[in-house]
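Please look at the side-chain contacts in the structure below. The text then goes through them pair by pair.

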Amino acid sequence: MKAILLITFTCGSMLFSPALLAACKTDAFGVKQCGEGRCKIDSSGHVHCSMFTKGGAAVNSVGKVFCGKGRCLKDKSGEVFCATSVKDDIMINVLGKARCDKKCDVGKVEYCKTEPDLPPVIEIPAEDEQAQGRQILKR
């Protein structure tokens, strides 16, 4: 019984972990990049993520990433369109054109924002830095 409770507690707490909420991809250079919404890799290997929570991203016909507030898709002509809201759905119709339940917008490069997922920086005050150095040398 204790094992079952432990597993439930562990899985439940993972759902609220900030790292799991961010969208991430590893770029061509091996660096993990994260953003608020979906991430895509452009033709040069760089990661671009939507700056909006649960926002979308898609790659156009020449390999450039465009982002939006909602889900994004590339239409038949290679242009990226995005739903204006995460609650709005987008699809490509039989003619190859983007259609949204409410409204579609052209994806925008300005709506993409990506940051490396680097470990936190720990700053050591200058006076402690010298003491740390002496401790390392004594070992």
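**Side-chain pairs between loops**

At a relative accessibility of 23%, Phe-52 is classed as partly exposed. The model is a predicted one. Phe-52 takes part in an aromatic pair with Tyr-111, and the count of aromatic pairs comes to one. A pair of aromatic rings is described by how far apart the centres are and by the angle of the planes. For Phe-52 and Tyr-111, the centre-to-centre distance is 5.0 Å and the planes stand at 85 degrees, an edge-to-face arrangement. The angle qualifies because edge-to-face applies over 60 degrees.

Phe-52 belongs to the loop between β4 (47–49) and β5 (56–59), and Tyr-111 to the loop between β11 (104–106) and β12 (115–116), so their pairing ties together parts that are 59 residues apart in sequence. Tyr-111 has a relative accessible area of 23% and is partly exposed.

The structure holds one salt bridge, formed by Asp-89 and Arg-71, whose closest N and O atoms are 3.0 Å apart. Here too the partners come from loops: Arg-71 lies in the one between β6 (65–68) and β7 (72–74), Asp-89 in the one between β8 (80–83) and β9 (90–92), and the bridge therefore ties together parts that are 18 residues apart in sequence.

Methods: Residues are numbered from 1 along each chain as its sequence is written. This is a predicted model: local features need pLDDT of at least 70, side-chain atom pairs count only at pLDDT 80 or more; totals for chains, interfaces and linings use all residues. Side-chain values use heavy atoms; hydrogens and water are left out. A salt bridge is a side-chain nitrogen of Lys or Arg within 4 Å of a carboxyl oxygen of Asp or Glu. Helices (H or I, at least four residues) and strands (E, at least two) are DSSP runs, numbered from the N terminus. Rings of Phe, Tyr and Trp (its six-membered ring) pair if their centres lie within 6.5 Å; planes under 30 degrees apart count as stacked, over 60 as edge-to-face and the rest as tilted. Buried means under 20% relative accessible area, exposed over 50%, partly exposed in between (1.4 Å probe, protein chains only).
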